[in-house]
Amino acid sequence: MTDAIVSNLYMTIIDHYFSGLSATQQHQFAELLQLYIDWNAKINVISRKDIDQLMVHHVLHSLGIAKFIRFSASTQILDVGTGGGFPGIPLAIMFPDVQFHLVDSIGKKIKVVQGVADALGLSNVTAEQARVEQLTGKYDFVVSRAVTAFPDFVALSRHVINTVQHNAVPNGILYLKGGDFDAELKPFGRRAVVVSLTEYFTEPFFETKKLIHLPL
Ligand SMILES: C[S@@+](CC[C@H](N)C(=O)[O-])C[C@H]1O[C@@H](n2cnc3c(N)ncnc32)[C@H](O)[C@@H]1O
């Protein structure tokens, strides 16, 4: 199959789960595969075996957050440890009226993120090489996937959460995580809400995948 055909097949998956996308959003999602193939050849941000699974393992996985919450316009989001742009880039396509700041401690990853955002014309995305501990700005939500153990992640990033609420869901951390992490959630008791992504998506990949929401 050519990459163009694979892109079209993937678009069917996105359309299936998210109806009503604009032509611009459809075009941006369809462009992702080729953009990541091209960038990944220069700077490795997605494992070579996983690039074939980009749309499910990375794009749809990121969009699990969009099933949990529809961010209101002008919400400010920080993606911590974005790597090649996940979950921030798919969410920025999904919510063009929401502002996304994507940070990673490794500069070459931010180069990829900036390249992808520029190619897609994502004017709601900024990207910065930084450690979250150094940031002084405030955000309604921190989104993230696969950065560190959850308690450590909360300790590193809780200082950036804004106390003024703009959304139906309380401000806080939205963290995508797989596997068994019950022990990691113990310190937060019932405050941490865990949703299985199988509630949203039927692909077997999501059988072990969860979203944690910690209001802060
Ligand atoms: C396993 S990768 C995950 C990348 C991306 N979130 C994903 O799911 O594809 C973890 C990333 O977190 C970044 N990172 C780790 N600690 C960080 C910190 N304190 N501040 C910012 N980025 C950090 C690393 O540089 C790395 O790119």
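The model is predicted: local features need pLDDT of at least 70, side-chain atom pairs count only at pLDDT 80 or more, and totals for chains, interfaces and linings use all residues. Residues are numbered from 1 along each chain as its sequence is written.

Valine 132 sits in the loop between β3 (125-129) and β4 (141-145); such helices (H or I, at least four residues) and strands (E, at least two) are DSSP runs, numbered from the N terminus. Valine 132 counts as buried because it has 21 C-beta neighbours inside 10 Å. On this scale a residue is buried if 20 or more other C-beta atoms, placed from the backbone, lie within 10 Å of its own, exposed if 12 or fewer, and partly exposed in between. Glutamate 133 is also placed in the loop between β3 and β4, but glutamate 133 is exposed, with 12 other C-beta atoms within 10 Å.

Under "binding site", an unreviewed UniProt entry lists Gly81, Phe86, Val132, Glu133 and Arg145; UniProt positions are given in the numbering used here, feature names are shortened, and annotations may be inferred rather than shown by experiment. Around the ligand there are 18 residues, of which Gly81, Gly83, Phe86, Arg131 and Arg145 come nearest; a residue counts as near if its C-beta atom, placed from the backbone, lies within 6 Å of the molecule. The shell is made up of eight nonpolar, five polar and five charged residues. Here Ala, Val, Leu, Ile, Met, Phe, Trp, Tyr, Cys and Pro count as nonpolar, Asp, Glu, Lys and Arg as charged, and the others, Gly among them, as polar.

Now to the backbone. Most residues other than glycine have a negative phi, and most peptide bonds are trans. Phenylalanine 86 and proline 87, however, are joined by a cis peptide bond with omega of about 10 degrees. Proline 87 is found in the loop between β1 (76-80) and α5 (88-94). Serine 74, in the loop between α4 (64-68) and β1, has a positive phi near 75 degrees. With 10 C-beta neighbours inside 10 Å, serine 74 counts as exposed. Alanine 146 has a positive phi too, near 60 degrees, and lies in the loop between β4 and α7 (150-157). Because 14 other C-beta atoms lie within 10 Å, alanine 146 is partly exposed.

Helix α2 (residues 23-42) packs against helix α6 (residues 107-120) at an angle of about 140 degrees, with axes 10 Å apart; axes are lines fitted to C-alpha atoms, for helices over the stretch in contact, and angles run from 0 to 180 degrees between N-to-C directions. From α2, Gln28, Glu31, Leu35 and Trp39 make the contact, and from α6, Val112, Gly115, Val116, Ala119 and Leu120. By class, six of these residues are nonpolar, two polar and one charged. Helix α3 (residues 54-62) is mostly covered, with seven of its nine residues buried, among them Leu54, Met55 and His58.

Definitions and conventions
Two residues are in contact if their C-beta atoms, placed from the backbone, lie within 7 Å.
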